Amino acid sequence: MMTNDISVFLSKLLCYNRILIAGHVGPDADCIGSLLALGRFLETRGKEVYLFVRDGCPECFSFLEDAGRILASPGPEALSSELLLLVDCSDIKRAGLEPEGVKSVKNRAVLDHHITAGEPECSFGLTDPSACSASMLVYRLILAANSQPDAVTSRAILTGIAGDTGAFRHSNTNAEVLAVAGDLTERGADLHDIIKNLFLSRPKKVVSLLGRVLSGLRYFYGDKMVIAVITNDAFEDIDKRELEGINSEINSIKGLRLSALLREEEKGSFRCSFRSDGYVDCSRLASVFGGGGHRNAAGCTLEGKTEEEAVEAVLKEAENWKASFV
Ligand SMILES: [Mn+2]
């Protein structure tokens, strides 16, 4: 049963004593921030908490306290938990878990802000697609429990909020976001330090890749559409999360209405991410290629194609959408 009633969710959650909290694969700042803040809050309530993100916490989030406690695979103790709580996702597959692997954990709960097709499989859950981030839901939850987030918890929450709002630049930055950010700052979270860690710590090689990508952009439809391609050889050992930053740079171009960033995953396979600010429904565009996502951002994979063929495929499909953006 999903709810957006926070006190109902809270009272159910607090019935459990051993809780395994899992984030999604390819964790972002919101995933890690909400996981850490929720874990810390539940520990203040005397709960035994295990934190899990498949493959562990990426190095770029190691500036957060307790990041080292995040397990890369749930051990026997974690698997003896009474409750599996998914945060920033609602599906155990998205958490990189198999039903068989977590069958010892009898109950399921979800805390998420994504729009999902259909009801997630869980005993109870808290979802609010209007919330900017899962971290915001954790903040509301802590206050609803009459607790006060300490400086460490505040820092984790603000990291999640700053991450999912693109440093307060995306359209999900509303009055609540700004008020909560102010409150968390007063509680001891250092916003500048968070922003520096999340957005202003690009490795040198990412900056040079960015330069190459931006100078190689291909423009179409009177510069209203752009295609960027990053081939495997250019990619080397660059962290996938850095793509987010590259994508924002591309989408800062004035007058741009549709972008496609193609990244070669392996020879003949391109991961394509579409962006559009309200002109083209990216999730529908991506679904043509078997992908999906949100209206303003979505992705898909193009298989069995050379670079030129991948670009051609995107252009051919864009032609069907041109009435919306040209
Ligand atoms: Mn999120």
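In strand β4, the bridge partner of A22 is L86. This pairing belongs to a predicted model, in which local features need pLDDT of at least 70 and side-chain atom pairs count only at pLDDT 80 or more, while totals for chains, interfaces and linings use all residues. Residues are numbered from 1 along each chain as its sequence is written. Helices (H or I, at least four residues) and strands (E, at least two) are DSSP runs, numbered from the N terminus.

**Domains**

The domain assignment of the protein chain gives domain 1 (2-199) and domain 2 (204-325); such bounds come from an automatic or database domain assignment. The C-alpha centres of domain 1 and domain 2 lie 29 Å apart.

**The parallel sheet and its helix**

Strands β2 (residues 18-22) and β4 (residues 83-87) pair in the parallel sense over four bridges; two strands pair if DSSP finds at least two bridges between them. An open sheet of six strands with parallel pairing has the order β1-β6-β5-β4-β2-β3. Its edge strands, β1 (2-3) and β3 (48-52), each pair on one side only. Helix α2 packs on this sheet, where it touches β2, β3 and β4, and its direction makes about 170 degrees with that of β3.

**Helix pairs**

Axes are lines fitted to C-alpha atoms, for helices over the stretch in contact, and angles run from 0 to 180 degrees between N-to-C directions.

| Helix pair | Axes come within | Crossing angle |
|---|---|---|
| α2 (residues 29-44) and α3 (residues 134-144) | 8 Å | roughly 20 degrees |
| α4 (residues 151-164) and α5 (residues 175-186) | 10 Å | roughly 150 degrees |
| α1 (residues 6-13) and α3 | 10 Å | roughly 75 degrees |

Angles under 35 degrees count as roughly parallel, over 145 as roughly antiparallel, 65 to 115 as roughly perpendicular and the rest as oblique. The crossing angle of α2 and α3 therefore makes them roughly parallel. D30, G33, S34, A37, L38 and F41 in α2 meet A134, S135, V138 and I142 in α3, contact meaning that the C-beta atoms of two residues, placed from the backbone, lie within 7 Å. The residues of this contact divide into six nonpolar, three polar and one charged. In this classification Ala, Val, Leu, Ile, Met, Phe, Trp, Tyr, Cys and Pro count as nonpolar, Asp, Glu, Lys and Arg as charged, and the others, Gly among them, as polar.

The angle between α4 and α5 makes α4 roughly antiparallel to α5. Their contact is made by S154, I157, L158 and I161 of α4 and V177, V180, A181 and L184 of α5; by class, seven of these residues are nonpolar, one is polar and none is charged.

Helices α1 and α3 are roughly perpendicular to each other. I6, S7 and L10 of α1 make the contact with R140, L141 and A144 of α3.

**The mixed sheet**

Another open sheet of six strands has the order β7-β8-β9-β10-β12-β11, with mixed pairing. β7 (218-220) and β11 (292-293) stand at the edges with a single partner strand each, so one side of each is left without a neighbour in the sheet. Seven bridges join β10 (residues 269-275) to β12 (residues 297-303), and these two strands run antiparallel. C272 stands opposite C300 in β12. Helix α9 (residues 242-250) packs on the sheet and touches β8 (225-230), β9 (258-266) and β10. Helix α11 (residues 307-325) also packs on the sheet, touching β7, β8, β9, β10 and β12, and its direction makes about 160 degrees with that of β8.
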